[in-house]
Amino acid sequence: MKKSILLIGAFCLSLIGVAQNPADYVMGNSGVINDAKLTLDVLENNYPGFKKAAENAFQNSHQFSTKSGQVYNVNVVVHVVWNSSDPSENIPDSVIYNQIDILNEDYGRTNADTVNLRPIFTSIAGNPHIQFNLAYIERVETTETFGLSFAGMPDEVKQTAQGGSDAWDTQYYMNIWVCKLQNTFGALFGYAYPPAGLSNWPANSNAPSPELDGVVLDYRTVGSNNPVPYPDPNGGSGNVVFTGRTATHEVGHYLGLRHIWGDGGGLFGGESCGEDDGMLDTPNQGYQSNFDCNVNNNTCIDSVAGAPDPNDMPDLIENHMDYSSETCKNMFTLDQAMHMRGVLENERQDL
């Protein structure tokens, strides 16, 4: 695959001073925030020269696992931070158990919908062999609200003193915070920080401090048995369909993966066929999927070693790191799986 411009998606540091119209970050008519563009602008604002540095940051320097088959176990603490004005935010244990089950299926490739993977991609489907063990559910009632704004990411949910819930030691536990993410100027379903020290990420792209490391999910995106619907961000009569794959996507970021289209171009900068996610076996993709399952998408011509048609692969909408509908996501590639295992052998080995 091509060398890439690195643009971080689904995590930020501080939004202070970003002189942009908030509406510029809402993707088309979806009402959903383009977290990739927002993050790039934020980091360029806080670290002048970041964009230029990002252009040269990725030189196939990511680490891949040297082991295969061994199951890596990750202990998880879920913090349910719910506002006393809306008890529905205090989602039941059954939804959390269901979400952990979904993570284990997706990261063990035992999810039933693997049969929906198009045959052209069968040879590059990978199994991360990662197991998530629920250690504890922490519940905190609060009067605070949490939302993305130009004051920063809603990391207050991770701090007891700010009305949230302090992390368990992030060196040894993957912390997941569940709360209502307010639609400040668009829908934010979740976010996560990558690990510190990855050579394929520019400096300062990890969590601002260790106690803020982890995954944040809107409570309505959790699980496939969630009783609370997520209304159309545009105010329509329908609801967004969630099947528990928001967590799968965000944990992928937490374990070092980027969006499959390389976080470039898209609705705010044209096609991004010259950019890449750094994985050799993911087809180059010019645009993010638009929360659909369009199997006719083929936005770039490129090559994928080992694929049945290496000269021109369609967009991999089945991949967990796309912005396709959760109903058609069902796989990681071999390189993605080995990359996440490499992170667990190195940057996050204490998990």
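The legends below accompany close-up views of a predicted model.

View 1

**View 2. The pairing of β1 with β5.** Strands β1 and β5 (residues 174-179) run parallel and are joined by five bridges. Within this pairing, Val-80 has Val-178 of β5 as its bridge partner. Cys-179 has a relative accessibility of 1% and therefore counts as buried.

**View 3. Helices packed on the sheet.**

**View 4. The buried residues of α3.** Helix α3 (residues 93-106) comprises 14 residues and reaches 20 Å from its first C-alpha to its last, which is close to the 20 Å expected at 1.5 Å a residue. Its buried residues are Val-95, Ile-96, Asn-98, Gln-99, Ile-100, Ile-102, Leu-103, Asn-104 and Asp-106. These buried residues pack against β1 (72-83), β3 (130-142), α4 and β11.

**View 5. The disulfide of Cys-273 and Cys-300.** Two disulfides are found in a search of the whole structure, and one of them joins Cys-273 to Cys-300 with an S to S distance of 1.9 Å. The torsion about the S-S bond of this pair is about -95°, so the disulfide is left-handed. The link connects distant parts of the chain, 27 residues apart, with both Cys-273 and Cys-300 in the loop between α4 (245-254) and β11 (332-333). Both of these cysteines are buried.

**View 6. The disulfide of Cys-293 and Cys-328.** Here the sulfur atoms of Cys-293 and Cys-328 lie 2.3 Å apart and form a disulfide, which is left-handed, with -95° about the S-S bond. The pair links distant parts of the chain, 35 residues apart, and both Cys-293 and Cys-328 are in the loop between α4 and β11. Cys-293 is partly exposed, its relative accessible area being 33%, whereas Cys-328, at 12% relative accessibility, counts as buried. When the bonded cysteines of the chain are numbered in sequence order, the pairing reads 1-3, 2-4.

Key
Residues are numbered from 1 along each chain as its sequence is written. This is a predicted model: local features need pLDDT of at least 70, side-chain atom pairs count only at pLDDT 80 or more; totals for chains, interfaces and linings use all residues. Side-chain values use heavy atoms; hydrogens and water are left out. A disulfide is a pair of cysteine sulfur atoms within 2.5 Å. Helices (H or I, at least four residues) and strands (E, at least two) are DSSP runs, numbered from the N terminus. Buried means under 20% relative accessible area, exposed over 50%, partly exposed in between (1.4 Å probe, protein chains only). The expected span of a helix is 1.5 Å times one less than its number of residues. Contact means heavy atoms within 4.5 Å. Two strands pair if DSSP finds at least two bridges between them.
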